[in-house]
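Have the viewer open and follow along.

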Amino acid sequence: MSYAELHCHSYYSFHDGASSLEELLLKAQELGYQSLALTDHNNLCGAMRFAQLTRSLGIHGITGAN
């Protein structure tokens, strides 16, 4: 069974989050995650870049918003 973080905010989040998408995804890859969800507050501003990066790194990207 693999782990997927389903509550993750980037610096695109209007409420909290300070990490870049690249930092988040490289850390996820380092930890061996097969999937990662981006759930920034009140927007989807980073969704397209997140999708592009997950595709290039071979990680299943899940996009949502709080």
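Contact here means heavy atoms within 4.5 Å. Helices (H or I, at least four residues) and strands (E, at least two) are DSSP runs, numbered from the N terminus. This is a predicted model, in which local features need pLDDT of at least 70, side-chain atom pairs count only at pLDDT 80 or more, and totals for chains, interfaces and linings use all residues. Residues are numbered from 1 along each chain as its sequence is written, and side-chain values use heavy atoms, with hydrogens and water left out.

Start with helix α2, residues 47-57, where A47, F50, L53 and T54 are buried (under 20% relative accessible area with a 1.4 Å probe, protein chains only; exposed is over 50%, partly exposed in between). These four lie on the same side of α2, because they cover an arc of only 130° around the axis, taken from the directions from the helix axis to the C-beta atoms. On the face turned away from that buried side, you will find the exposed residues M48, R55 and S56. After α2 comes G58, with a positive phi near 75°.

What do the buried residues of α2 pack against? Their partners are α1 (21-30), β2 (35-40) and β3 (60-65).

Now look at α1 and α2 as a pair. From α1, L21, E22, L25 and Q29 meet R49, F50, L53, T54 and L57 of α2. The residues of this contact divide into five nonpolar, two polar and two charged (Ala, Val, Leu, Ile, Met, Phe, Trp, Tyr, Cys and Pro count as nonpolar, Asp, Glu, Lys and Arg as charged, and the others, Gly among them, as polar).
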